[in-house]
Amino acid sequence: MGPSQESGDYVVSGPQGADLYKERQTSLPPLSHAPATNGDSLTPHPQGTQRRRRSRAQSVLYPYIHGRTRKGGGGSSAVTTIPSRASSARALSGRSKDDSRIHYELPMDEPEDNRSHLPSDPWRARKVRFYRNGDRYFPGFDYIFKPGRDVVNMEALCDKISDRIGLARGARYIYGLDGRRKYRIEELEDGLSYVVSSDRKFVNLGYGRQRPDWNPATAVIPLGGSSYHGDKNPGGRSGSPVVKEVLGSKKNSADSNKSGGNSKPGSREGRTIKIINNLDHNQERSVLVNMKTIQSWEDVVADLGQVLKMKGNLHLFTTWGQEVKSFSQFKNDFANADTFYLTPSDAPFPRTYTAVTPPSGGSGGSSGEGEDGGGGRTRHDSKKDGRGDRRTAKTSRRPTLRRHTSEPTLKETPEENEDSEEVADGRSAVVTIKGQRRVLHSPTTHVVHNPTPPHSTLTLDWVYGYRGTDSRRNLWVLATGELLYYVAAVAVIYDRHDDVQRHYTEHTEDIQCMATHPSRELVASGQRAARGQRWTAHVRVWNARTLHTLHVLGRKELGAGIMAVAFSRRNNGQFLLAVDADSEHLLSVWTWDNEHIFGRVATHQDHVWGAAFHPLDNNLIVTHGRGLLCIWSRRKDGIFQRSDLIQEDSGRNITSIEFTPSGDLISGGGDGLMTVWGVDADGEYFVKREFQAHSGPINSLQILSEGTILSGGDKDRKIMAWDCDEDFEKITETKLPEQAGGIRTLYPQRPGYHDGNIYVGTTKNMILEGSLQRRFNQVVFGHSKQLWAMAVNQLDGAVATAGYDKHIVKWRENQLEWRIQAQSECVSVAVHPMGTVISAGTIDGHLVVLNNNTGLHVATVRVCGSPLSCLAYNPGGDILAVGSQNGSLYLYKSSKDGFVYNRFGRMGGSQPLSSIDWSTSGRYLQSVTSDYDITFWNMRELSKVKNALDVRNETWVTQTSPLGYMVHGVWGGGKDAHIQVTVDRGPRGDVLAAGDTDGFIRLYRYPVLSLRAGYHEYKVYTSYVSGVRFSHTDNYLYTIGGTDAALMRWRLT
């Protein structure tokens, strides 16, 4: 491994640090957490004072809440200040606040005595009204529910009303009209009104109060003028102050905006639109809508229906086929539309009008996207376990209309509610992430996209690393001389001579154990169960030469995972055993060639670490683990009889077992003791010899062909040779260097030969080769703890990785080029565009700069006290943007080809940043937070961009942000959709790779503008694909798994 090179506090050497699974496993600091509070709360008031205050509030607000002050069914507001359209858009996106309003910061916890009085009957149905926080013109809506049946807690209630309240981030907090937060469902009283917010800042407005007439001169003018006087108004209303017909007017709203008069049709107080009867297109009218009404949207639509003499339950549609469901939606999102269609509920909206090009152009409204030829969600999976097309056809009484606004409408089915959230008008897109809605604006130019799967596919080409941290007996040599081991869900077959890997990729979750057939040509491998699918653990028997699956055993029979698997050594390996990870650790034995179950028995309640057939008797099975070493003998009637060699309460842990050529059992303990068990004439086992072999756990025992047994220690890192024929006298020993870690497994390089050469798998994810007489050399290196950072040098295709093992590593082609150990765990890495230096961010806020060619330490810059979660150089390499988990973006001037750094700016934020992209113009940055909010930064002003519409036409040098209009289609899939962690655009800009929290890698066409876009899907990680990056010098895609600590290379074909 070469000599160590010291430069400051950084050492170019092998891995160091504690074992990942011997200590409590550290994890990346959470990117999303609730703000810390100091525990202070509002001063509690006496209960009597609180009752009097509530009684006073009810007496004042009750007439307004229940509409008793309305005259003629309508009303208007005397308020003359209305938020502008731009400010409304900013409010929808959640990126600005109205500073003119008073915000009240409420405590997270409130004393029990300060909460409102609970109703006497907590289970009766209640009717409450909800208003939108900060929106004085939102009419509110009534919601009837029964506690305990319809909703069980406040979180469930917020989830149910999120669609109707129309907040960009969904409903998260509920307040009373007095500004006090409601924590429990029992605090909501029947007949009262409440304010719903997506944050903790309550805006004190007169929610639901009666407003004076908008225009007294025209407040009760009958609709349609003289032509309408003869009709009878439903409900006894002589007229409506909400809508009046503009007689003789053929002008559109743009022309009307220039007119004067008392009506002010172009101001914020009134708006002129054209309405068309959908049943008779010859019937159309121009009407003036009062924009300051407090009537409900249903009443407004009913008034519009009176103008066209339409009755019944009516709906208002845009010309491109999207239904308008609220007044706020009509005022903000459809402000530029001047023509609408009225249609009854029983008359579906004609498909002829769904393809009308919406204002502002754009491709988001292609109506053909949902048709059969639109490239449904087809999947090309590296696993072929029956996973096929997941696209499902959905039908409803109304046409499927895509979402457009932050105030979405209620769908008729839960499935349709999520899958059809796509914008058809080309102006914006709405996606739902973790129950919160994100509005993404499209460019003004037309964007061409294809929702079918891409022609390119991915083929696994190379797997870097080895899994030795938490698995036992995981290294073999096949009959062909190839190394066999596993990483994540991939079995790796490595030919050292030709430097070629082959991969078995039929597993869908992590491989937990593996065994080879006595012929060393067949392999059995067991995988863990998928998350939330307890009975998906199983064992696969496959051919190592052809990589074809021969048999699948234990599906829907074994629970949680597979702890051990082994072939019998007699009868040509006819039997196969497996021990599952369920509570009873079920031991199953099959005749694997016909998948017939030979026997099954529950073994132990504690951890089982291994099992094996006796080499001389297939009816004897040995299991070992925490506090157990048992012999199971199968009788002729099929019953297993158990014999305990050690008692479960003895406190001894058996970490490994092996058999001598004569059939004696050798066990290695967690205390370093080796025990030789013999059998007397009665078939009873007894201790033949016991001695202290190591100072810590014995992780591996391996018998060689000449009768020598090797033992490998964990803590002492020693490999010892013992002579079985000479009463287990020690022959020799050797000790591995500290950076290699402890011994995990031992295996001879050439089984059957007496050359003494062995392979060693270590606890720090290395594979070494050598012998006890000479030094060991590194064959395979891998990160030993969580791997979170990766960057590709686009000049030569080299890859840099950094992780929680404090290693910063540079890979070139199939080999490690150099590695350096930093002082702290690393969570981000970037390569200078000139290829001169590699920068890494640590969890303690330091920026470490290394020489790209030699790995020598160049500089260390103290940025802040929080983890540096993302780094990005601009295309010229003269500016480095550093994103931190404190929400701030730090800017450094990079000079002398990246060897010198000086800070020149800081832009503050509130949420941790996870990715950064530079615009091609260099004027803007885009970043995504841990809560999946997209933020744009202005480099000239060194501040956030206030209006996202200002950057809608910007193009980006890279696309590593998983949120954006050009990639919003990756968020399809409904409530059960996976959370997308990382994305990257291909070198030619035609494909997009995405990785999610469940270990799936997907390949899309770029851009991804449809929630039903097709993709190819691959599953090699169990959880959290922490990075995907394309190499622009060749057709490779590199991926890393956070908890799997595995780097993999895919060939794009």
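Which residue follows α3, and is its phi positive or negative?

Analyst: Helix α3 is followed by Gly 166, and the phi of Gly 166 is positive, near 75°. This is a predicted model, in which local features need pLDDT of at least 70 and side-chain atom pairs count only at pLDDT 80 or more, while totals for chains, interfaces and linings use all residues. Residues are numbered from 1 along each chain as its sequence is written, and side-chain values use heavy atoms, with hydrogens and water left out.

At the other end of the helix, where α3 starts, a side-chain oxygen of Asn 153 comes within 3.3 Å of the backbone nitrogen of Glu 155. This helix covers residues 154–165, and its buried residues are Met 154, Leu 157, Cys 158, Ile 161, Ser 162, Asp 163 and Ile 165. Here buried means under 20% relative accessible area, exposed means over 50%, and partly exposed lies in between, with a 1.4 Å probe and protein chains only. Helices (H or I, at least four residues) and strands (E, at least two) are DSSP runs numbered from the N terminus. An α-helix has 3.6 residues a turn, so residues three or four places apart point the same way.

The buried set consists of Trp 297, Val 300, Val 301, Asp 303, Leu 304, Gly 305, Gln 306 and Val 307. Just after α5 comes Lys 309, which takes a positive phi of about 60°.

Turning to strands, β7 (residues 193–197) is also largely enclosed by the rest of the structure, because 5 of its 5 residues are buried. Ser 193, Val 195 and Ser 197 point one way from β7, whereas Tyr 194 and Val 196 point the other way. Strand β7 pairs with β4 (residues 126–132) in the parallel sense over 4 bridges, two strands being paired if DSSP finds at least two bridges between them. Within that pairing, Arg 132 has Val 196 as its bridge partner in β7. Strand β6 (residues 173–176) pairs with β7 in the antiparallel sense, over 4 bridges, and there Gly 176 has Tyr 194 as its bridge partner.

Strand β36 (residues 673–679) pairs with β37 over 7 bridges, and Gly 678 stands opposite Phe 686 in β37.

Some loops deserve a separate look. Arg 520, in the loop between β22 (511–516) and β23 (522–527), has a positive phi of about 60° although it is not a glycine. With a relative accessible area of 21%, Arg 520 is partly exposed. Leu 942, in the loop between β60 (934–938) and β61 (943–944), has a phi near 55°, again a positive value in a residue other than glycine. Leu 942 is partly exposed, with a relative accessible area of 30%. A cis peptide bond joins Tyr 1006 and Pro 1007, with omega about 0°, and Pro 1007 is placed in the loop between β64 (1000–1005) and β65 (1016–1019).

The mean pLDDT, the predictor's confidence in each residue from 0 to 100, is 76, and 74% of the residues reach 70 or more. Over residues 1–120 the pLDDT is below 50, and this stretch has 235 contacts beyond near neighbours in sequence, a contact meaning heavy atoms within 4.5 Å. Over residues 349–425 the pLDDT likewise stays under 50. Where pLDDT is low, the predicted coordinates should not be read in detail.

Terms used: Polar contact = N/O pair within 3.5 Å; in protein donor to acceptor, adjacent residues only side chain to side chain.
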